[in-house]
Amino acid sequence: MAAGTSNYWEDLRKQARQLENELDLKLVSFSKLCTSYSHSSARDGRRDRYSSDTTPLLNGSSQDRMFETMAIEIEQLLARLTGVNDKMAEYTNSAGVPSLNAALMHTLQRHRDILQDYTHEFHKTKANFVAIRERENLMGSVRKDIESYKSGSGVNNRRTELFLKEHDHLRNSDRLIEETISIAMATKENMTSQRGMLKSIHSKMNTLANRFPAVNSLIQRINLRKRRDSLILGAVIGICTILLLLYAFH
């Protein structure tokens with residue numbers, strides 16, 4: 001019976017590790033898809049700005065389909081991993097499991113933490129992707145309106161070009177602001193980490209000083225004795241020199 005339950009637990013752990021590995025690979029590909037979608041949308045926007053046709057801004061319908069497919073696959077994997085974790089929890093709470101539940105509970109908690117991290121990363125990447133897609137759709141609508149207005153009236157071509165340039169400058173400014181904020185946040189985290197390290201070093205030095213007060217007292221006594229011995233030796237040498245001079249002149 002014990003061997004059977006042990007095999008059941010190991011089988012659940014094997015399933016959990018396999019699902020975690022699959023999720024890790026899927027999430028990496030999912031994040032790369034979001035990044036490539038943003039870059040391709042930016043390239044499409046620059047290409048459409050200099051073209052005279054009315055091609056839509058977004059040519060990422062295949063990426064949209066890939067996004068939906070990968071999101072469904074990741075949600076299914078998360079659901080399967082949740083089910084495996086629930087089975088592991090039921091196993092640790094069953095009456096037939098011996099009392100070394102501490103190791104089992106530690107393993108279960110580690111798998112739950114991994115599941116929570118993967119779920120958080122998935123929802124964060126998905127939200128970023130949706131935000132980028134909505135922003136690009138909005139930009140595409142605005143750009144199509146501008147192109148339609150530009151093609152409908154040749155008198156205001158110059159004004160339209162200036163408007164497009166200003167729009168591009170605003171987008172570049174937004175990107176630079178985001179990069180600056182990211183750099184500032186990273187700098188803040190580094191400074192906080194360094195401040196914590198300095199506080200720790202200062203605390204350790206104070207602890208050592210409080211722990212060994214006799215050492216400081218002994219060092220001070222040694223220094224005082226060296227100074228006294230130097231004075232005595234100098235006085236003896238001076239007296240001997242004077243006596244020799246007196247003896248030499250008499």
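A residue counts as exposed when its relative accessible area is over 50%. In this predicted model, Leu-243 is at 52% relative accessibility and therefore counts as exposed. Leu-243 lies in helix α5, which spans residues 213–249, and, together with Ile-239, Ile-242 and Leu-246, Leu-243 forms a nonpolar patch on the surface, the four residues having about 390 Å² of accessible area together.

For the chain as a whole, there are 5 helices and 0 strands, so that the elements, read from the N terminus on, run α-α-α-α-α. Of the 250 residues of the chain, 22% count as buried, while the chain exposes about 18200 Å², of which carbon and sulfur atoms supply 60%. Among the contacts with a separation of 6 or more, 76% are accounted for by residues 24 or more positions apart.

The largest nonpolar core has 27 residues, and the members touching the most others are Leu-23, Phe-30, Ile-74, Leu-78, Met-88 and Phe-122.

Which residues is Leu-78 in contact with, leaving aside its neighbours within four places in sequence? Leu-78 is then in contact with Leu-23, Leu-115, Tyr-118, Thr-119 and Phe-122, and of these partners Leu-23 and Phe-122 are, like Leu-78 itself, among the core residues that touch the most other members.

Terms used
Residues numbered from 1 in each chain as written. Predicted model: local features only at pLDDT ≥ 70, side-chain atom pairs only at ≥ 80, totals over all residues. Heavy atoms only, no water. Patch = residues over 30% accessible without salt bridge, like charges linked within 9 Å, V, L, I, M, F, W, Y side chains within 5 Å. Areas by Shrake-Rupley, 256 points an atom, 1.4 Å probe, with all protein chains shown as cover. Salt bridge = Lys/Arg side-chain N within 4 Å of Asp/Glu carboxyl O. Helix = DSSP H or I, 4+ residues; strand = E, 2+ residues; numbered from the N terminus. Buried < 20%, exposed > 50% of the residue type's maximum accessible area, 1.4 Å probe, protein only. Core = buried A, V, L, I, M, F, W, Y, C linked by side-chain atoms within 4.5 Å. Contact = heavy atoms within 4.5 Å.
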